[in-house]
Amino acid sequence: MKKLLEIITEEFEKAFVQKGYDAKLGKVVLSNRPDLCQFQCNGAMAGAKIYHKAPIMIANDVVETLLENDKFASVTAVMPGFININISSSFLADYLNQVEKTDKYGCEGKNETIVIDYGGANVAKPLHIGHLRSAVIGESIKRLKRYIGDQVISDVHLGDWGLQMGLIVTELECRKPELVYFDENYDGPYPKEAPFTLTELEEIYPCASAKAKKDEEFKKKAHEATVKIQNGYAPYTAIWKHIMNVSIPDLKRNYDNLNVSFDLWKGESDAKPYIPGLIQDLIDKGLAYESQGALVVDVAEEGDKKELPPCIIRKSDGAALYATSDLGTIIQRQQDFHPDGYIYLTDKRQELHFTQVFRVAKKANIVDEDTKMDFIGFGTMNGKDGKPFKTRDGGVMRLENLIDQINQAVYDKIMENRTVSEDEARETSKIVGLAALKYGDLSNQPSKDYIFDIDRFTSFEGNTGPYILYTIVRIKSILEKYKAQGGNVSEVKIISTDNESQLQLMLELAQFNGVVEDAAEELAPNRICSYIYDLSNAFNRFYHETKILSEEDEEKKAGYIGLINFTKKILETGIDLLGFEAPERM
C-alpha cells in the first residue's frame, strides 16, 4: 500500500508536469513548521534555477492546479516560493480506514533472507549487564525485519571455543586433579554428570582468569589446554560438553526473562569443521601468507581513511582466533541459508575486527561482493557518574539482578497508589519493568552511550516505557467502558473531523508504515521509540481535550472510538517490535 507521503507527492508531481515542470520537483515532505502547515513542497525553489523563473511564480502555477483537489484542505504558495499543504480530513480518515484493513498496516520490505548475529554470550559465565544491549537491540531489529516481510535467522553465536575454555579446564585440574579427565591412562567412557554445578562453574572462570593475569605458567597451561580442545582432545572435549550442558539452560532462562529468543544456538565451536578448508582456500588463492609465524590476510584497500592491519587467521602456535571462527561460521551460514545479508551486533570496540572479517569474506569469495554485511557497534550503559554501570561494590552486575532491581522499583511505584493486590502488582511490575528496561535502552541510538537511571526509566511520565504502557492501558479502559455502554468496537471506523487534536492524532497514525520501513532499513529501533512516544502524546492531548464517552452524537462518538482503537493497535504493534507487551491495567 502506498504511504501517505507517496500519495501526496504523486499529486504534486502531476501538478508540476501539468504546468511544464519536471516531476521530480514535486517531492513533498513533512512540514518543518507544523504551526503553519502539515506538509510542504520546496520544488519551486530548485525549479527557479532550472527554468530561470522566480520560485513564487512556479509555486503559484502549481497551486493553481490543485485548488480543486479534494485530497487537500488548503494548498498555499508563500514567499519566496514554498508551498504549504494541509490535507483533507475526510481523505485522511479514508486513508486510515484502508490502512487498518491492510496486512501489516501497509508496511512492506524487500523479502530478503537475513542472518542476524547477536547475544554473543560466553558459556560458563552468567549474563551480565554488558549483554543487555546486544540482546535487546538485536531482538528488536529481528522483529522489525520480520515485520516487513524478510526471512530472518537469528543466532546467539555463543563464545564456547576460546581461551575461557582452557582456563576452566586448567583451574579444574588444579582443584580436582583426581578426576579421570586428567588421567593420561584413562580412555573412557567419561562420566555423564558434570564434575561441577552451575554455581561452581560460574566461580571457576573468574578465578582462573584472575590467576592467569598473575601466573605465567598457569596462563601457558591454559593456552595449551585451549589448543587441545580445539584439536579434539577427548578428555578435554568431555569437560567442554559438560560446560555446555550446564551453561546453556541457564542462558536460555535468562534470555527468556528478557523476552529474547534465537532460532540457532550455535557457537564458535560449530565453525571448527570449516576452518581447515578455509585456511587452505586462503592459501591456495594467494591471500594468506606467513608473518612472524602467524598466517595473515591483508585487508587494507585504497581509499581507507585509517590504516587497517592484516587479519590474523592462525596464530603461530596453530590456534584459531575469533576471525577464523567468524569466517568459518559465514561459510556454514552460506551453505545453510544462502542469505542476502548479514547483521552483527557487538560492542563498538569490535568494529575493526568485523571490518577485517567482512573484507576477507569478500576477497575470498566466501560471500558475493554485493552481499550486505552490517555491523552495529553499540555504546556502553553507564551509571549516573558517566562511567560503565557497576554494582555498589564495583563489580559487574548480573543481568538477572538488574532485572530484579527495576522490577522492584516499578512494584514500589504501583504500591504507592495501591489499587490492585500485591500478587497482581508483582506480576504487573514484571511486565512494566521489562518495558522500562528495554525502552530505556532502545530509545537511544545504538552507537551512543547512555545513562542508566532507574528512577527515570520507571517513571509513568515522560519518554519512558511505562508511559507508553499507561497510554495503552488507558485506551483499553475506554474501549471496555464503550462496550459496557452497548457499543461494538469492531463496527466503528475513523471519520473526518475539524477537531485539531483529533486531526493531529490521525496524522501521527498515518506515519506508522513509513516509520517502520525506515527503522528496519536503518536498523534503528530508536525510531520506533520516538514514534510511539509522539503517538502517545498525540493521543493523550486528544484524550484530555475531548469528551469521548460522554459525546452525545453517537456517530461522532463511534468515530472517536474507531480512532483510539486503531491507536491502540499501532501502539501495541510498536511495543511488540521493541520486544515487550502491555498489561491489562496499571
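Predicted model: local features only at pLDDT ≥ 70, side-chain atom pairs only at ≥ 80, totals over all residues.
Close-up 1. Strand S8, which covers residues 294–297, pairs with S9 in the antiparallel sense over three bridges, and Val297 is found opposite Cys311 in S9.

Close-up 2. When its neighbours within four places in sequence are left aside, the contacts of Ile85 are Phe12, Val28, Cys37, Gln38, Phe39, Gln40, Cys41, Phe72 and Ser74. Ile85 and Glu581 lie 496 residues apart along the chain, and 37 Å separates their C-alpha atoms.

**Close-up 3. The nonpolar cores and the contacts of Leu402.** The largest nonpolar core is made of 157 residues, and those with the most contacts inside it are Phe12, Ile87, Leu402 and Phe452. Helix H20 (residues 554–578) supplies the largest share of this core, namely eleven residues. Another core, of 30 residues, lies apart from it and has Val115, Leu308, Phe354 and Val360 among its members. Leu402, once its neighbours within four places in sequence are set aside, is in contact with Ile129, Leu132, Met381, Phe389, Met397, Leu437 and Phe452.

**Close-up 4. Helix H6 and what covers it.** Helix H6, formed by the 13 residues 163–175, reaches 18 Å from its first C-alpha to its last, which is close to the 18 Å expected at 1.5 Å a residue. The buried residues of this helix are Gln164, Met165, Gly166, Leu167, Ile168, Val169, Thr170, Glu171 and Leu172. Among the elements that cover these buried residues of H6 are helix H7 (198–214), helix H8 (216–230) and helix H9 (234–257).

**Close-up 5. Ser140 within helix H5.** Ser140 belongs to helix H5, which spans residues 132–147, and this serine is buried, its relative accessible area being 0%. Apart from its neighbours within four places in sequence, Ser140 is in contact with Leu442, Pro525, Leu577 and Leu578.

Methods. Residues numbered from 1 in each chain as written. Heavy atoms only, no water. Helix = DSSP H or I, 4+ residues; strand = E, 2+ residues; numbered from the N terminus. Buried < 20%, exposed > 50% of the residue type's maximum accessible area, 1.4 Å probe, protein only. Contact = heavy atoms within 4.5 Å. Expected span 1.5 Å × (residues − 1). Core = buried A, V, L, I, M, F, W, Y, C linked by side-chain atoms within 4.5 Å. Pairing = 2+ DSSP bridges.
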